[in-house]
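Please have the view open as I speak.

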Amino acid sequence: MSLSLPEELAEQIEHILAELYYETEAECILLADISGQLISTQGQMTGIDPVLIAALAAGNVAAMSELTRQIGEESHLGSFLHEGDNKGIYLFNIGGSFVLIVIFQINTLLGLVRLLGGRAAGQLHALSAQFEEHMNQPHSIPNADFGAALADELDQAFGELF
Amino acid sequence: MFINWKLREINLKIVYYGPALSGKTTNLQYIHAKSNPKIRGDLVSLKTRGDRTLYFDFLQLELGQIAGLKPRFNLYTVPGQAYYISSRKLVLQGADGVVFVADSQTERLEANVEAARDMAENLHILGFDPQTMPLVLQCNKRDLPGVAPVSLIKRQFGFTGAPCLESVATQGNGVFDTLKTIINLVVAQAQQQL
């Protein structure tokens, strides 16, 4: 799957995440695709690695989806909750293709996260049809020498190790 | 591949595949140990108490701006043990390129063949064509006595178009060459799509 996210779609996603962030007073919100690629973020990322969180959350949701499929559940719209001592994580499976991640302080109203997170997941699910349109379509890249420039950058980054 | 035009990021996913104990995690450990901390994230391993990969290892490499885009490579390993087939398929989702880490020891040739078959099946299920997907064969553990000839491993692997590199991942030999080869293949493939 190849996905190119145009700016206008990115802004619609940001708007949904921002609304969820302010209404729930969550610490941060992330959106990833099911392969673990980070798509968008909102909120405080201090002390966390959003790319890593996206990869782990996607792996978690993919595994949970397979687990639920094994017990006869075919829905791709489930949610999963972890409540820790200080923080919690709510993961929303969006159509089996994307994952909404809400990280919140434990004093946050959990019911609000569940309710508004579910609403945002529904809005993102509706938008995912537009995502699909951008999958596996030819994209444009500003510089045709990207490959050569990248090779130079790799040589600089790892040159002495090759 | 995921391109975010607002953030001008290009994200590519590379998966290290292969039989159990062939050295997939060792590749990532070496890359992590030797890379500049400014361009790499933490190496995260979801493993058993016995240090065997349970789900995947993950390492992120992020280079500076190139042609107005910031490339980010997300490196994953799969668990090699046969009964983790479902996990391997999940990790392979959305992969842009695969490094197949083969164990060069003669007694592990059958395990290589089995893992290559398993990889091809999973790629097909996920809608990839293993013949056209960026794929690199790494023949690891070349320092051990009595290893099989590379030509034999390559023939048994079956994907003749895949570049083949020799390595001793525990010492780092061939690790970065393999990484650079798969990155170049992935980017060349991406440019064809772009």
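What we have is a predicted model, in which local features need a pLDDT of at least 70 and side-chain atom pairs count only at pLDDT 80 or more, while totals for chains, interfaces and linings use all residues. Residues are numbered from 1 along each chain as its sequence is written, and chains are lettered from A and ligands numbered from 1 in the order in which they are written.

Strand E2 (residues 28-33) of chain A is joined to E6(A) by six bridges, and the two run antiparallel; strands here are DSSP runs of at least two residues, helices H or I runs of at least four, numbered from the N terminus, and two strands pair if DSSP finds at least two bridges between them.

E6(A) also pairs with strand E5 (residues 87-94) of chain A, in the antiparallel sense, over eight bridges, with Lys87(A) opposite Gln105(A). These two strands, E5(A) and E6(A), form a hairpin with three residues between them, and Gly95(A) in the turn has a positive phi of about 65°.

Because seven of the eight residues of E6(A), residues 98-105, are buried, the strand is largely enclosed by the rest of the structure; buried means 20 or more other C-beta atoms within 10 Å of a residue's own, with C-beta atoms placed from the backbone.

Turning to helix H2(A), its buried residues include Val51(A), Ile53(A) and Leu56(A), and just after the helix Gly72(A) takes a positive phi of about 90°.

Terms used:
A residue is buried if 20 or more other C-beta atoms lie within 10 Å of its own, exposed if 12 or fewer, and partly exposed in between; C-beta atoms are placed from the backbone.
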